[in-house]
Amino acid sequence: MVNKFGSLSLQGKSVGKLTFAGRNLVGANADVAVAMLNVNNTLNTENVTPQAGFDFSMSFGTPLKLIDAKIIAGTARSNQRNGARVATKTGTLLPTSDARTDALPEEEYDAVFVSGKDKTPHGRVRSADAFDSHDLVLFRVTPNYKTDNRGEVARDDYDEPIISNYQFNFIQHSKSGDVGNDDNIVRILVDPAESERLQAGLKPGDKLVPQGLKFAFAGNDATDWTMYADTLVALDEKAPEKPAPNQIKSTNNQPVKEKG
């Protein structure tokens with residue numbers, strides 16, 4: 001399975017202002033208690049599996065903060081037979097007055113967690129939990145074609161297939177000796193125009209570092225995560241220290257703020 005990552009650390013404060021909405025039961029057997037949280041005083045909610053001893057009897061609207069959070073692959077209540085999984089958030093929920101903060105420094109959260117369909121940002125995550133971005137060796141680039149409502153390849157006015165994006169497929173160099181393990185494959189999607197610009201000078205074995213990484217949870221039998229990048233730079237080039245500007249967008253929850 002490509003992009004099979006166990007979990008990603010999530011920066012709780014980047015999710016938005018959280019207030020307690022109630023208790024919910026999730027999981028394959030509806031036996032996992034989670035805290036429902038309203039985000040930024042909107043009707044958008046997040047489910048978080050809190051720490052042991054969390055007080056589910058607190059008043060509606062109680063302000064909370066989330067620290068040491070993670071996004072993991074949880075079990076879906078439906079489509080279990082097909083191996084479907086869902087993104088599940090866990091972490092420690094505390095009163096906003098509590099002085100405790102994330103164990104990880106802020107600069108470690110260098111990527112964005114986005115919704116799968118429209119790439120809406122939902123918080124900052126730590127890419128190093130998935131792989132070492134300086135350990136990628138390119139071996140293949142292939143196009144993904146846009147499909148119509150019948151599942152057939154969509155074509156433009158000249159009857160040419162429409163490309164949605166390109167798959168840049170990498171082997172993790174430190175694990176390249178383990179040739180029989182597909183879990184070592186990292187696949188990153190790049191928009192067509194940028195992909196075509198990049199491919200002109202690329203060859204197998206090139207070491208590339210993704211810039212402006214975004215993670216979306218897929219949770220199907222082929223991959224747990226879909227990854228997007230704004231671009232890729234050669235390992236020996238100086239990579240920017242901050243995400244590309246177009247990585248950060250306003251959302252219905254809250255703008256995911258760029259570090260400054």
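Reader: With which residue does glutamate 46 form a salt bridge, and how far apart are the closest N and O atoms?

Author: Side chains of opposite charge can pair when their charged atoms come close. In this predicted model, glutamate 46 forms a salt bridge with lysine 89, and the closest N and O atoms are 3.0 Å apart. The pair ties together parts that are 43 residues apart in sequence, because glutamate 46 lies in strand E4 (residues 45–49) and lysine 89 in strand E6.

Reader: Is lysine 89 buried or exposed?

Author: The general idea is to compare the relative accessible area with a cut-off, since buried means under 20%. Lysine 89 has 10% relative accessibility and therefore counts as buried. Glutamate 46 is likewise buried, with a relative accessible area of 10%.

Reader: Which residues does lysine 89 touch, not counting those up to four places away in sequence?

Author: Lysine 89, placed in strand E6 (residues 85–95), touches Leu10, Glu46, Asn47, Val48, Thr49, Lys70, Ile71 and Phe113 under that exclusion. The side chains of lysine 89 and glutamate 46 are also joined by a polar contact of 3.0 Å.

Reader: How many salt bridges are there by this rule?

Author: The count comes to 11. One of the pairs is aspartate 148 with arginine 150, whose closest N and O atoms are 3.5 Å apart. Aspartate 148 is partly exposed at 25% relative accessibility, whereas arginine 150 is exposed at 62%.

Reader: What separates glutamate 194 and arginine 197 within helix H1?

Author: Sequence spacing is the point to examine here. The two residues are 3 apart in helix H1 (residues 192–199), so about one helical turn separates them. Arginine 197 counts as exposed, at 52% relative accessibility. Elsewhere, salt bridges that share partners join Glu108, Arg126 and Asp129 into one network.

Reader: Where is valine 209 found, and which residues is it in contact with beyond its neighbours within four places in sequence?

Author: Valine 209 is found in strand E12 (residues 208–211). Beyond those neighbours, valine 209 is in contact with Ser133, His134, Thr231, Leu232, Val233 and Leu235. The C-alpha atoms of valine 209 and valine 233 are separated by 5.2 Å, although the residues are 24 apart along the chain. Valine 209 is buried, with a relative accessible area of 4%.

Reader: What do the totals for the protein show?

Author: There are 1 helix and 15 strands, and 41% of the 260 residues count as buried. Among contacts between residues at least 6 apart in sequence, 61% join residues at least 24 apart.

Methods
Residues are numbered from 1 along each chain as its sequence is written. This is a predicted model: local features need pLDDT of at least 70, side-chain atom pairs count only at pLDDT 80 or more; totals for chains, interfaces and linings use all residues. Side-chain values use heavy atoms; hydrogens and water are left out. Buried means under 20% relative accessible area, exposed over 50%, partly exposed in between (1.4 Å probe, protein chains only). Contact means heavy atoms within 4.5 Å. A polar contact is a pair of N or O atoms within 3.5 Å; within protein, one must be able to donate a hydrogen and the other to accept it, and residues adjacent in sequence count only if both atoms are side-chain atoms. A salt bridge is a side-chain nitrogen of Lys or Arg within 4 Å of a carboxyl oxygen of Asp or Glu.
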